[in-house]
Amino acid sequence: EDKAAYLAGVRDRLEFRDVERKDLTVRAYRDVAVATGRLHQTVRVRATQRELNMKIITTQVWVRLNGAWRQTSFHATNLP
């Protein structure tokens, strides 16, 4: 998937009901930043109307390119 296809898929497949960041830590190193923290979100799958309560921990890597921050990596792991 390219960016446009990914965003269209999320928009068409999911309805975000609630999103909450917790314990977010951002460490910046000149033109690179690493963000870690918990993410709690509730989404509804449009096709089935099934609601999912997701609790995950995320790591995101951001790079400043031409004056704009771009996310270059995202990883999520389910929490118990």
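Helices and strands are here DSSP runs, numbered from the N terminus. The model described is a predicted one.

**Overall arrangement**

Helix α1, formed by residues 3-13, lies across β1 and β2 and runs at about 135° to β1. The strands themselves number four and form an open sheet, in the order β1-β2-β3-β4, with antiparallel pairing. At the edges of this sheet stand β1 (14-29) and β4 (68-78), each of which pairs on one side only. On average, neighbouring strands of the sheet are turned by 25° against each other, direction ignored. In general, the strands of a sheet pair through backbone hydrogen bonds, either parallel or antiparallel.

**The pairing of β1 with β2**

Strands β1 and β2 run antiparallel and are joined by 13 bridges. Within this pairing, Leu 14 stands opposite Val 45 of β2. Strand β2 covers residues 32-45, and helix α1 lies across both β1 and β2.

Val 32 belongs to strand β2.

Which residues does Val 32 touch, leaving aside its neighbours within four places in sequence? Val 32 is in contact with Arg 27, Val 61, Trp 62, Val 63 and Trp 69.

**Two loop residues with positive phi**

Gln 49 is found in the loop between β2 and β3, the latter strand covering residues 51-65. Its phi is near 65°, a positive value in a residue other than glycine. Asn 66 lies in the loop between β3 and β4. Asn 66 likewise is not a glycine, yet has a positive phi of about 55°.

| Residue | Relative accessibility | Class |
|---|---|---|
| Gln 49 | 49% | partly exposed |
| Asn 66 | 85% | exposed |

Gln 49 counts as partly exposed because its relative accessibility is 49%, whereas Asn 66, at 85%, counts as exposed. The class of Asn 66 follows from the cut-off of over 50% for exposed residues.

Methods
Residues numbered from 1 in each chain as written. Predicted model: local features only at pLDDT ≥ 70, side-chain atom pairs only at ≥ 80, totals over all residues. Heavy atoms only, no water. Contact = heavy atoms within 4.5 Å. Pairing = 2+ DSSP bridges. Axes fitted to C-alpha atoms, helices over the stretch in contact; angles between N-to-C directions. Buried < 20%, exposed > 50% of the residue type's maximum accessible area, 1.4 Å probe, protein only.
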